[in-house]
Amino acid sequence: MSSASFDDTLAALREVLGDDGVRVGAAIGERSMTDWTKHAATRPAALLLPRTVEQVARALAICNEARRTVVPQGGMTGLSGGAIPRASDIALSLDRMAGIEEIDTASATMTVLAGTTLQTAQEAALEAGFELALDLGARGSCQIGGNLATNAGGNRVIQSGTAREQILGLEVVLASGAILSSMNKMVKNNTGYDLKHLFIGSEGTLGIITRAVLRLRPRRAARHTVLVAFDAYDKAVELLRRLSAKFGTDVSAFELMWPDFFRLGVSLTSSGRSPFAEAYPLYALVEHASFDAADDGESFAAVLGELLEEGVMLDAVIAQSVGDAEALWAIRECTAEFPVKLDPVNFDVSLPTGALGEFVDRCRVALDEKWPGNVSYFFGHIGDSNLHLTVDGRSVPDVSHHAIYAFVYDMLKPYGGSVSAEHGIGLLKREFLAVSRSPEELAAMIAIKAALDPNGILNPGKVI
Ligand SMILES: Cc1cc2nc3c(=O)[nH]c(=O)nc-3n(C[C@H](O)[C@H](O)[C@H](O)COP(=O)(O)OP(=O)(O)OC[C@H]3O[C@@H](n4cnc5c(N)ncnc54)[C@H](O)[C@@H]3O)c2cc1C
């Protein structure tokens with residue numbers, strides 16, 4: 001182990017990154033101190049801002065030699081505390097490593113630097129006549145590197161899968177400073193272990209993602225959005241199955257909202273008015289996406305009309321314009337305001353779709369019995385078996401967030417559910433990983449971590 005003092009380490013890092021690539025003290029802004037959870041904001045010992053993969057590699061080699069711990073940071077929109085540094089950590093931001101390097105139309109791939117925002121990548125794909133299937137509310141700030149490090153899900157998983165399924169190639173810098181370049185563009189490549197999958201979803205604990213080859217999809221030329229209402233959860237599942245049987249992956253989003261969430265979402269929109277004249281027990285925002293630009297949505301509307309007559313739905317409002325569709329999506333995307341409007345205790349659990357409605361009912365009753373007066377919001381991507389629950393900590397001021405986590409995760413156990421469907425384990429769910437993973441699985445994870453980062457310098461205290 002090196003005996004380098006922190007000042008020696010900083011001097012070595014400045015030599016590699018230049019003076020403006022290494023910040024300390026008050027020069028480190030609030031953005032580097034915590035993620036979207038606003039949990040435990042802490043100024044790291046230093047902030048590194050590399051511009052090239054070679055700089056990332058040399059900086060990690062220096063930190064590894066000096067046994068200085070490093071926290072990778074992307075857009076800081078994470079919801080599990082994975083990018084929050086401790087005071088002794090060095091944060092490494094990918095902000096300066098942004099840009100689209102290539103769009104290969106023959107291979108239908110896009111090569112991007114990890115610091116590129118998701119929205120920038122989405123727009124570039126559209127401009128080239130393709131589509132990037134990944135989409136989530138934080139698109140304007142989250143980065144491709146962060147999306148991959150968390151294996152982000154989002155709104156279109158029922159159509160094209162999670163972030164993992166949008167990736168063909170990856171470049172990663174290991175803790176040692178070695179650059180692992182697997183910038184594969186081929187759909188088929190069975191030469192040994194597919195290493196990229198180790199890093200996707202590893203939340204910065206195994207390596208720093210610096211570049212990726214993203215898979216592009218044919219552009220969906222027409223989108224039709226509808227808000228529907230149901231009297232029961234089973235009806236929502238029936239609608240999802242019937243629409244999927246009819247339209248396959250043209251059903252590109254199916255976002256369920258229980259009434260508490262729906263009312264809050266509506267109240268946070270600019271109009272503040274519900275699209276429905278009356279209140280219902282359950283709502284879903286459904287999107288149909290067609291490759292055919294001439295598809296005016298009539299066939300989709302006709303099927304919805306039949307299902308309405310059959311009583312699968314109670315009511316439906318079809319967006320007539322892009323503006324209408326955006327207004328409907330604004331209800332679902334009110335979650336962006338949670339950190340300022342609430343004291344959110346966020347859950348992103350998954351459990352079998354068939355059991356999800358019952359779980360919500362039982363969870364609500366149990367929360368009310370345990371903490372009368374609690375205010376909780378249920379919503380989710382039910383086609384992906386993914387339920388979100390946000391408890392407003394302000395409604396139970398004497399209860400710790402930890403107690404709420406423990407209570408809800410305990411309820412998940414009989415369902416074989418997962419404590420994280422898409423946001424990752426990070427800092428906040430680390431203690432609960434064993435709810436969803438066996439001792440043997442945990443031992444294998446620890447062995448992989450030890451093999452790739454033997455000195456434990458990458459994102460310590462996160463995930464495992
Ligand atoms: C309004 C809103 C809506 C959201 N909706 C969704 C949703 O629908 N689905 C979903 O899955 N998530 C959602 N999220 C959560 C969040 O946007 C995602 O987790 C996103 O993928 C995080 O990207 P980021 O760049 O902000 O990562 P950060 O928050 O900066 O970091 C997240 C984790 O990744 C690591 N990391 C970041 N960059 C790198 C890198 N280059 N190499 C290695 N590790 C890295 C960090 O150390 C940390 O552990 C939402 C968040 C908000 C605020």
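Biologist: How do the residues lining the largest cavity divide into nonpolar, polar and charged?

Modeller: Ala, Val, Leu, Ile, Met, Phe, Trp, Tyr, Cys and Pro count as nonpolar, Asp, Glu, Lys and Arg as charged, and the others, Gly among them, as polar. Here that lining has seven nonpolar, two polar and no charged residues. This is a predicted model, where local features need pLDDT of at least 70 and side-chain atom pairs count only at pLDDT 80 or more, while totals for chains, interfaces and linings use all residues. Residues are numbered from 1 along each chain as its sequence is written, and side-chain values use heavy atoms, without hydrogens and water.

Biologist: What is a cavity, and how many of 30 Å³ or more are there?

Modeller: On a 1 Å grid over the protein atoms alone, a cavity is a set of points where a 1.4 Å probe fits but cannot get out, and lining residues have an atom within 4 Å of a point. Grid points are joined across faces, edges and corners, and a volume is the space filled by probe spheres set on the points. This structure holds two such cavities.

Biologist: Which helix gives the largest share of the largest cavity's lining?

Modeller: Helices (H or I, at least four residues) and strands (E, at least two) are DSSP runs, numbered from the N terminus. Helix 4 (residues 144-149) gives three residues, the largest share. The lining includes Ile 144, Asn 147 and Leu 214.

Biologist: Which strand gives the most to the second largest cavity's lining?

Modeller: Strand 13, with three residues. By class, that lining has four nonpolar, four polar and three charged residues.

Note on methods
On a 1 Å grid over the protein atoms alone, a cavity is a set of points where a 1.4 Å probe fits but cannot get out, and a pocket is an open set with protein on both sides within 12 Å along at least five of seven lines; lining residues have an atom within 4 Å of a point.
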